[in-house]
Amino acid sequence: MFSPFGELLPMKFTPSLPRVVIVGGGVSGTLVAAQLLRRARHPLHVQLIERTGAAGPGVAYGTRCQDHLLNVPVSRMSALPEEPEHFLQWLTARAGRPGFPGLVSPRDYVARHLYGLYVREVLSAACGTAAAGTVLEQIAGEVVDLEESGEELVVRFADGRALLADRVVLAIGNLPGEYPIPRPLPFYQTPRYIHVPWRGDALDGLAPDDEVLLVGQGLTATDLIVQLARQGHRGTIHALSRHGIRPQAHRSEAGTRAIADWEDVPPTIRAWTRRVIDEIRAATEEGEDWRGVVDGMRPYTQAIWQSLSWDERARFLRHVRPLWEAHRHRVAPATAAFVDQLAAEGKVKFYAGRLQVLEADDRGVHAMLRRRGTIQHVSLRVAKVINCTGPRTDYTKYQHPLLVHLLARGLIDHDPLALGINALPTGEVLRYRGAPLERVFTLGAPLKGVLWESSAVREIRVQAADLAERLIASVAAVAPAENRV
Ligand SMILES: Cc1cc2nc3c(=O)[nH]c(=O)nc-3n(C[C@H](O)[C@H](O)[C@H](O)COP(=O)(O)OP(=O)(O)OC[C@H]3O[C@@H](n4cnc5c(N)ncnc54)[C@H](O)[C@@H]3O)c2cc1C
């Protein structure tokens with residue numbers, strides 16, 4: 001039968017069910033699917049599309065390295081806001097099994113890949129308890145376009161397939177980082193440059209004595225340093241960032257400080273910087289740790305961000321961001337101690353500065369950087385350069401066909417700072433110039449411009465549960481599909 005949409009994927013389930021399509025099967029997409037299955041009381045067809053074919057772990061928890069640890073203690077990593085101890089209980093029930101720790105304490109930082117397993121099991125448990133007629137279909141594929149067609153949405157795949165949806169959730173998560181030197185360079189096309197550090201093959205071809213340059217010093221660079229060291233790498237690891245600020249370590253006894261009267265702080269970066277400095281000073285005088293202040297702000301961070309004008313938000317990005325990120329996104333104490341020890345032994349060298357030259361020749365890569373605040377240049381000879389600048393936050397420059405098409409169709413817009421997709425704080429995506437699209441939603445990292453604090457499990461699990469409730473309410477009004485196609 002001719003279809004104006006191309007080859008439509010055959011419906012595996014009753015065609016009259018309302019259809020929610022989730023693009024992206026990382027933690028965000030998987031938890032929306034799980035919450036839909038847990039909460040729907042009327043028949044619903046949920047389709048979860050993941051390009052890797054394996055929904056659950058996403059970028060962060062798909063690592064195979066046992067030494068990549070969660071950067072949050074076990075007690076705070078439940079995937080379900082309604083069951084805060086859920087991850088702790090899941091892990092405790094498996095303690096002592098092969099691949100699991102022998103004993104589990106709420107303050108432990110466990111291997112990240114275990115969390116990927118956990119999220120997958122949350123999804124399969126939700127399938128098992130879903131109401132009659134509510135079904136999940138997992139689809140492997142890369143979504144490259146989304147179009148409106150009357151009351152429906154057409155979701156198109158890279159291989160030419162398409163499917164129809166009533167609601168779509170863009171759970172596309174973290175985008176790869178910016179180029180280390182932000183202009184097109186032939187070097188980026190060579191095998192000596194790795195743009196996506198989370199790929200399983202990022203370290204392939206590296207000999208144990210090769211020197212390597214990591215561009216970035218944050219959590220991604222920390223991952224790679226740990227991974228290289230654990231696999232017996234002997235060559236020097238160089239790590240460069242513009243400010244030379246490395247992630248701080250957690251301290252389990254730090255506690256959380258109550259931040260009084262935060263609503264009274266004027267909505268400017270200057271006022272907030274002053275308040276945070278004063279609060280840390282007071283905490284220190286009272287024998288508390290600065291970490292308690294940063295963690296104490298967490299429940300209000302989204303509200304504070306939304307109270308700031310876009311100019312003030314831009315001021316934060318220019319002046320405060322690197323310092324804030326290093327103190328807010330901390331690493332497990334064991335990881336920090338291990339990296340410090342490698343640095344003390346000269347196995348890892350950290351630099352603050354800007355990359356100026358990246359050239360490949362038959363002997364490897366010539367990299368030249370200028371040290372921050374000086375005219376001093378450092379030349380390095382390395383075998384590989386790995387981009388660890390962290391997830392990208394500039395939607396104007398990202399070239400994935402799905403985003404390019406959505407932007408070109410005016411179905412999405414980036415927020416004024418291009419940190420993510422322009423949307424309501426509740427995830428309803430806004431068209432170009434502002435009107436809600438009503439049938440398309442997002443959560444997680446794409447909401448960074450709107451909420452700032454939006455990419456960790458603590459925020460994502462709440463967004464996923466709330467979004468599932470709204471989707472269920474909104475598809476209740478959808479007419480049966482046989483009356484529409
Ligand atoms: C290295 C690292 C470590 C982290 N550690 C922690 C931690 O310990 N604790 C914590 O709370 N947070 C941590 N985070 C934050 C992390 O971002 C979130 O916890 C969470 O994993 C984000 O999930 P996500 O689904 O939003 O994004 P992602 O993990 O990026 O998943 C998005 C998924 O969508 C798929 N996808 C994207 N586009 C398409 C498309 N067009 N078609 C089909 N599929 C598509 C991708 O393949 C991917 O699987 C970490 C982040 C990173 C990068």
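Student: Before we start, what should I know about the model and its numbering?
Tutor: This is a predicted model, in which local features need pLDDT of at least 70 and side-chain atom pairs count only at pLDDT 80 or more, while totals for chains, interfaces and linings use all residues. Residues are numbered from 1 along each chain as its sequence is written, and side-chain values use heavy atoms, with hydrogens and water left out.

Student: Into which domains is the protein divided?
Tutor: Domain bounds here come from an automatic or database domain assignment. Two of the domains are given as two segments each: domain 1 is 7-175 + 393-483, and domain 2 is 186-248 + 330-387. The remaining one is domain 3, 262-328.

Student: How much area do domain 2 and domain 3 bury between them?
Tutor: Their centres, taken over C-alpha atoms, are separated by 30 Å. Six residues from domain 2 and nine residues from domain 3 take part in the contact (heavy atoms within 4.5 Å). Buried area is the accessible area, with a 1.4 Å probe, that two parts lose on being put together, summed over both. Carbon and sulfur atoms carry 54% of it here, and the total is about 640 Å².

Student: Which residues of domain 2 lose the most area to domain 3?
Tutor: Three residues together account for 85% of what the domain 2 side buries. They are Ile245, Gln248 and Arg330.

Student: Which residue forms a salt bridge with arginine 330?
Tutor: A salt bridge is a side-chain nitrogen of Lys or Arg within 4 Å of a carboxyl oxygen of Asp or Glu. The count between domain 2 and domain 3 is one salt bridge. For arginine 330, the closest N and O atoms are 2.8 Å apart, and the partner is aspartate 295.

Student: With which side chain does the side chain of histidine 250 make a polar contact?
Tutor: Histidine 250 sits in the loop between strand E11 (237-241) and helix H6 (269-285); helices (H or I, at least four residues) and strands (E, at least two) are DSSP runs, numbered from the N terminus. Its relative accessible area is 12%, so histidine 250 is buried (buried means under 20%, exposed over 50%, partly exposed in between, with a 1.4 Å probe and protein chains only). A polar contact is a pair of N or O atoms within 3.5 Å; within protein, one must be able to donate a hydrogen and the other to accept it, and residues adjacent in sequence count only if both atoms are side-chain atoms. At 3.4 Å, the partner of histidine 250 is the side chain of arginine 330.

Student: How far apart in sequence are the parts that arginine 298 and glutamate 453 tie together?
Tutor: The two side chains meet in a salt bridge, 3.9 Å from N to O. Arginine 298 lies in helix H7 (residues 290-307) and glutamate 453 in the loop between helix H12 (448-451) and helix H13 (457-475), so the parts they tie together are 155 residues apart.

Student: Is arginine 298 buried or exposed?
Tutor: Its salt bridge partners include glutamate 459, with the closest N and O atoms 2.9 Å apart. Glutamate 459 is buried. With a relative accessible area of 15%, arginine 298 is buried.

Student: In E14, which residue is the bridge partner of alanine 367?
Tutor: Strand E13 (residues 364-371) and E14 run antiparallel and are joined by six bridges; two strands pair if DSSP finds at least two bridges between them. On E14 (residues 377-382), the covered face has Val378, Leu380 and Val382. The partner of alanine 367 is leucine 380.

Student: What is the phi of glutamate 438?
Tutor: Most residues other than glycine have a negative phi. Glutamate 438, found in strand E17 (residues 436-442), counts as exposed at 58% relative accessibility. Its phi is positive, near 70°.
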